[in-house]
Amino acid sequence: MLDLAIRDLEVRFPGLDQPVLAISELALPAGSQVALTGPSGSGKTTFINVVTGLEPASSGHVAWRGTDLEALSESRRDRWRAANVGLVMQDFHLFPGLSAIDNVLLPQRLARLRRLPALTEEARRLLTRVGILRHGQPVETMSRGQMQRVAVARALVARPGVIVADEPTASLDAEAGTAVADLLIELVSEAGATLIVASHDPRFVGRLGRVLRLDGGRLLH
Amino acid sequence: MFQFIAADLKRHWIGVAVIVLIVALATALGVAVTLQERALRLGSARAAEAFDLVVGAPGSDTQLVLSSVFLQAAPLPLMPGAVFADLSQDPRVAWAAPIGFGDFVDGDPIVGTTEALLKGLGGVTEGRGFASLGEAVVGALDARQIGDSFHPMHGTVGSQGEVHTGITYRVVGRMAPTGTPWDRAVLVPIQAVWMAHHHHHDDDEHENEADASAGADTGAPALNAAAADQPAERGFGEGSAPHAQDDDDHDDAPADLRAPIDEAAVTDPHAPGLPAILVKPQSFADAYKLRQAYRGDRTLAVFPGEVLTRLYGTLGDVRRILSWVAAGAQGLVAAAILLVVMVHVMQRRRQIGALRAFGAPRRAVFGIVWVEAFAIIGLGVVVGFGLGYAGARVASGVFTASSGISLPVTFLASDASSLVVLFVLTGLIAVIPAALAYRQSPASALRGG
């Protein structure tokens, strides 16, 4: 439910003449659902890193409902991200040795000192919702599709205002990919959160309200 | 957080176990050196406790203590028999006992002495003291049982000596444990030792001195002959030097072994020479006076405790060197572990990056890596203390079995503080990988995958 406003954004890497990402102006209203496409190397991952505060911009502003990420320290960006962003990655990044429910709750447990029973309840609801019925199953015994569904539940558990997914279906087979795409769109719509998906997958590109095309670090209109 | 750490350690348990083992071995090395050195110091000091004052012929005081307290075989010069007569009449002396060496049985030393020493070393716990010449009392750790008989061997431990076949001792008692090499010794009447080493010096020119009648009174006239040789004699135990020259002279006749012990023979001024006399002074002040009085050109009086203190000075240097070696090994291990942990953190960049990307604060990442490193190294330190203690116990056991000196392996209060210091060091070392993880950018960590 956050709106995004980007102004004069530039990300440069040392040794490269051209900025890897340069966006003079972009505004996404709260609750919008956006697909981000472009050939590899076009700046999709950098875009995601910058709007989630994982990586600072070289210059410019990235503001979510008035909070300018570029003005925050690294620790405060971490805190902001923990409270406001749910991430889904191409290769899941689940933690082996822990059960599905513990994986869903781990980031929140690390971010807060107290355990919140409400969070545990929400985690169970989401896991059941994404079709993981054995909440105590260790993640390393799951199929890739199941793993990504656990990751979707993890992204949503703290009810963030923004969900960002980086190629969430690229490493799944067609059937599992469809299930994950459906779940992601459904659950984000239910939560009313803003959704940004970097993907070439037509299951996203066709169904999301807006498509942003990146090429050479610039947005094509 | 701890759940995550536990899962992580479990997943890498082989690597964790190897690091714990390396840390444990390095720690154990240092702990064992410290404990063993302390045990040696305490053990030998306790062994010397029963020996207030030792009197011998002039020579090396260290050798006198090693031979009398620790029963280390070495040739000692002899002092005239009259010294013992003087000492036993001295009012400053509570009791005095002769110590005569020379024979062995199955590698255990046979010590000739008197009833006074049996009492002075803690008494006989089993059986009784010796009453006749052919009776023996064994130390607490000796394998022989009461009723067993044996022939003494002449010579040194390990070398094939000559068996005094004519002499048979029968074990009649067992000493209380003393924690000293005397626990492995066999105690026999000193008169019997003299007899075993009695030489056919009857034709000796000294035989017919004025005191011949006194010699006759002892019931062992031959002893006087040996006494006459004394000042010139140097040998392993009394009478062994001439003995080497005329082996045939051994009196193998099983003569008067059943005869009761003649106490007067020992205090006779013309008794054979003795390598050492153990003296129990009446008081502290008497001890110093006696040492003064018996420090001359005829005799040497030493406090074994004092001689040992000087030996520890040397031992202390050895310990310092060993400690340096141990510290060097520990330093190397610390460096190696640091390397392993750093490599481990680098390999886990993705995982650490993911943790932060999903919302874990930097301090949580720092905490996780710190706790993991601390747990692994700390566990190694604790296991190492256990291993070091066990190692020192084993080493002490082996030493006790071979020497009879019990080496008490004990922790002191100061060990607790060195444990705390080690833990603090561990905590500091663990900061390095934790800081490394803390500084990683989550984005580059994820991309690096």
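This is a predicted model: local features need pLDDT of at least 70, side-chain atom pairs count only at pLDDT 80 or more; totals for chains, interfaces and linings use all residues.
Two residues are taken to be in contact if their C-beta atoms, placed from the backbone, lie within 7 Å. By that criterion, among contacts in chain B between residues at least 6 apart in sequence, 81% join residues at least 24 apart.

The secondary structure of chain B comprises 16 helices and 14 strands. Of the 449 residues in this chain, 45% are buried. Chain B falls into two domains: domain 1 takes in 2-45 together with 310-447, while domain 2 covers 53-302. Where these two domains touch, domain 1 of chain B contributes 5 residues and domain 2 of chain B contributes 9 residues. On the domain 1 side of that contact, 2 residues are nonpolar and 3 are polar, with no charged residues.

Strand 1 of chain B runs antiparallel to strand 13 (residues 276-281) of chain B, with 4 bridges joining the two. It also runs antiparallel to strand 14 (residues 300-302) of chain B, here through 3 bridges. B:Gly56 takes part in both pairings, with B:Ala276 as its bridge partner in strand 13 of chain B and B:Leu300 opposite it in strand 14 of chain B.

With strand 11 (residues 186-189) of chain B, strand 6 of chain B runs antiparallel, and 2 bridges join them. The bridge partner of B:Val138 in strand 11 of chain B is B:Val186.

Turning to the meeting of the two chains, 20 residues of chain B are in contact with 22 residues of chain A. Four helices of chain B each supply at least two residues to the side that touches chain A, namely helix 1 (2-11), helix 13 (349-357), helix 14 (362-403) and helix 16 (442-447). Helix 1 of chain B provides the largest share of that side, 6 residues. By class, the chain B side has 12 nonpolar, 3 polar and 5 charged residues.

Helix 1 of chain B also contains B:Ala6. This residue has 14 C-beta neighbours inside 10 Å, and it therefore counts as partly exposed. The C-alpha atom of B:Ala6 is separated by 8.6 Å from that of B:Glu372, although the two residues are 366 residues apart along the chain.

In chain A, 6 strands form an open sheet in the order 6-7-8-3-9-10, with mixed pairing. Strand 6 (85-88) and strand 10 (218-220) of chain A stand at the edges with a single partner strand each, so one side of each has no neighbour in the sheet. On average, neighbouring strands of this sheet are turned by 25 degrees against each other, direction ignored. Within the sheet, strand 3 (residues 33-37) and strand 8 (residues 194-198) of chain A pair in the parallel sense over 4 bridges, and A:Gln33 stands opposite A:Leu195 in strand 8 of chain A. Helix 5 (residues 144-156) of chain A packs on the sheet, where it touches strand 6 and strand 7 (162-166) of chain A. The direction of helix 5 of chain A makes about 170 degrees with that of strand 6 of chain A.

Helix 5 of chain A has a helical partner as well. Its axis and that of helix 3 (residues 100-111) of chain A come within 8 Å and cross at roughly 35 degrees, in a right-handed crossing. The contact is made by A:Ala100, A:Asn103 and A:Val104 from helix 3 of chain A, and by A:Val150, A:Ala153 and A:Arg154 from helix 5 of chain A. By class, this contact has 4 nonpolar, 1 polar and 1 charged residues.

Conventions. Residues are numbered from 1 along each chain as its sequence is written. Chains are lettered from A and ligands numbered from 1 in the order in which they are written. Ala, Val, Leu, Ile, Met, Phe, Trp, Tyr, Cys and Pro count as nonpolar, Asp, Glu, Lys and Arg as charged, and the others, Gly among them, as polar. Two strands pair if DSSP finds at least two bridges between them. Axes are lines fitted to C-alpha atoms, for helices over the stretch in contact, and angles run from 0 to 180 degrees between N-to-C directions. A crossing is left-handed if the near helix is turned anticlockwise from the far one by less than a right angle, and right-handed if clockwise. A residue is buried if 20 or more other C-beta atoms lie within 10 Å of its own, exposed if 12 or fewer, and partly exposed in between; C-beta atoms are placed from the backbone. Domain bounds come from an automatic or database domain assignment.
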